[in-house]
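Subject: Structure handover

Hello,

The structure we spoke about is below. My notes follow it.

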Amino acid sequence: MKKSLLILLVLLLFLTFVTGCGNKEQEKGELNLYTWDGMFPPEILEGFEKETGYKINFSHFDYDEDMLAKLEETEGGDYDLVIADDYIIEVVIAEGLSQKLDTSKLKNYEQYNPVFMSQFYDPKNEYTVPYAAGIPLIVYNPAATDVEIKGYEDLWNPGLEDNVALIANYRVINGITLKTLGESFNTENLDTIKKAGEKLLQLAPNVRVINDSNTQDFILSGEVAAGFFYSSQVVAAKMANADLKIVYPEEGLGFGIMASFIPSKAPNAEAAYAFLDYINKPENAAKCYEYVGYYCANKGAEDLISAEMKDFLVLPADAAAGEIIQNVSAEAEQLHSEVWSQFRNACE
Amino acid sequence: MAKQSQGRKVKEAKGNRLLVLPIYIFTLLFVGLPFVYLFLLSFLKRAEVWGVDFTFTLENYKRIFSPMYLGNFADSLKLAFTSTICITLLGYPYGYIMARMNKQWKKRMLLLILIPFFTSAIIRLYGWIIVFRSNGVLDKILMGLGLTEKPLKLLYTYPAVVVGMIYALLPFMILAVYSSAEKLDYRLVEASRDLGASSWKAFWTVSFPLTLPGLLSGVVLTFVPSMGLFFIADLLGGNKIVLVGNVIQEQMTKGRNQPFAAALSVVLLILTWLILKLYRNIAGTSELEGIF
């Protein structure tokens, strides 16, 4: 009895604390693709395999940081193509974990929207091509609240008590607070960040939930009346409930770019070029954007996106005034994380 | 003859020692070394953008003793206390009564605790989300019965997190108490009843002290993990309840401050060690009932 109890307990501990992870071996003739889950519609992945004969070996990560750790561990090997966020790509390039792109091998290179290129992480476009852009936006349900929302500032409205959902990205949330004070997302002035921190504390009574994934559920299930979410989630919410309103906050947008790069020791770089070519054909790109719900970085695809989704996937002309959220100094970053912890403590 | 068998015993003992050697090596490699790494890491600085700067600093520990992070430790302890008390109130009777049942029922009761564990912990927590969410199962039942008029907004509150903790950790308490109560010689209770003790008194003076080691070990097994189960606070608390586990996870990933995460882990380990020491002093043994 005792022994079986021991085994049971060990099993329980195991089942409680272990979360799965896995990594597949690569072979010749394969494309080792490494990005978030759900970045491509199945028809695109299958279509690529059929057209080119490469077999896709798709590995996922949840956080950019996991991806970086993996690349460091394999010293830029194992994967042929990685799609990740701008700020982490800056680190990847600095550590020499990515290789320069031979743009002559990319057939549809001119399709990439220059608005999303030449950014801080790769000013000369030597290592990356953009895949898509995300802009966190406000979405709200006019039926569930009397407050009319025009900008970030309105989230502080006492009428929204216990009725707001936020993403869990502190650079973004602290950033919109900075925006309400007329400051930049990327300020490194510690006093300014502190001032924003004090203002953020006043948002606490309105916050019902802070979460990064599937946030559209919060507003669709009626858990909250208003949310500040990643654009893919805003689009998902709007597609499920057309009565919701999307707000492009008047204080100014902050956006992030997801870009593709080829790791320095990619086992099959040719496969990566072939895949980039394939997804950058305007008709294929349009399918990708409709599926992921991020902003289109392919000029040719803009006209091919279905009319009902076009509003959410093609960047409005006046929104280009947004700011890219970049890495800031270690002191500023640390203060941001402290401000955020203080805020979360104040929420409960 | 006697000498021969003695010689064999010595040989056997030596053979046994060789057999356990892999376990020692394993422990050294995968528990000892990582801890040394963690400890050293906690004295380094975070690099500007990514990784670690190899300069010695006590800054990480100084930061932990700022009111904000001490507050996180206090919150974690508070939540651990609350959950442990609830778990004890539920788990002790369950384990005790289970041990008093016949073999058939013992098996059934045990199965009832274990079946949920065949599903992933995260999925089971999502089950609670469905129950607690606005207009969820619980709201529908309460409103259907006419007990409440509008959604209660139970999800993303402190009580929701406590329920999640209880749900995740209750089996550890039940099994620990059960293993202790199973060994209880019930004739002692019968004797005290024969000598005129009320059933209450017999329980408090005989059964309870004899099952105390199991109870205490259950307390340790639930108290210690409940300080670190960050995903429960994330999913059911809507990220608003910040436990030490959450801070460590965040500093490790989004915060990109591994040394500070390491320092927090070291302090959490010390706290855990203190709790085990306390247990040892109260229970008079270093063995955890139900495990060793």
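One definition before the notes: two residues are in contact if their C-beta atoms, placed from the backbone, lie within 7 Å.

This is a predicted model, in which local features need pLDDT of at least 70, side-chain atom pairs count only at pLDDT 80 or more, and totals for chains, interfaces and linings use all residues. Residues are numbered from 1 along each chain as its sequence is written, while chains are lettered from A and ligands numbered from 1 in the order in which they are written.

Confidence

The predictor gives the complex an ipTM of 0.71 and a pTM of 0.77. Where pLDDT is low, the predicted coordinates should not be read in detail.

Chain A

Chain A holds twelve helices and twelve strands. Both are DSSP runs numbered from the N terminus: helices are H or I with at least four residues, strands are E with at least two. The C-alpha trace spans about 70 × 60 × 40 Å along its principal axes.

In chain A, 44% of the 348 residues count as buried. A residue is buried if 20 or more other C-beta atoms lie within 10 Å of its own, with C-beta atoms placed from the backbone. Of the contacts between residues at least 6 apart in sequence, 76% join residues at least 24 apart.

Domains of chain A

Domain 1 is 29-132 + 256-315 and domain 2 is 137-252 + 324-347. These bounds come from an automatic or database domain assignment. The C-alpha centres of the two domains lie 28 Å apart. How many residues of domain 1 are in contact with domain 2? Twelve, and they meet nine residues of domain 2. On the domain 1 side, helix H4 (86-94) and strand S10 (254-261) of chain A each supply at least two residues. H4(A) gives the most, with three residues. By class, that side has seven nonpolar (Ala, Val, Leu, Ile, Met, Phe, Trp, Tyr, Cys and Pro), two charged (Asp, Glu, Lys and Arg) and three polar residues (the others, Gly among them).

H4(A) has buried residues too: A:Asp86, A:Tyr87, A:Ile88, A:Ile89, A:Val91 and A:Val92. Their cover includes helix H3 (64-74), strand S3 (81-85) and S10 of chain A. Just after H4(A), A:Gly96 takes a positive phi of about 70°.

Chain B

Chain B has twelve helices and two strands. Its radius of gyration is 24 Å, but a compact globule of 292 residues would have one near 19 Å. The C-alpha trace of chain B spans about 75 × 70 × 35 Å along its principal axes. Buried residues make up 36% of the 292.

Interface

Here 32 residues of chain B are in contact with 33 residues of chain A. Helix H3 (67-100) and helix H7 (158-183) of chain B are the elements that give two or more residues to the chain B side. H7(B) has the largest share, five residues. The chain B side has 15 nonpolar, ten polar and seven charged residues.

Best wishes

Definitions and conventions
A residue is buried if 20 or more other C-beta atoms lie within 10 Å of its own, exposed if 12 or fewer, and partly exposed in between; C-beta atoms are placed from the backbone. The radius of gyration is taken over C-alpha atoms; the globule rule is 2.2 Å times the number of residues to the power 0.38.
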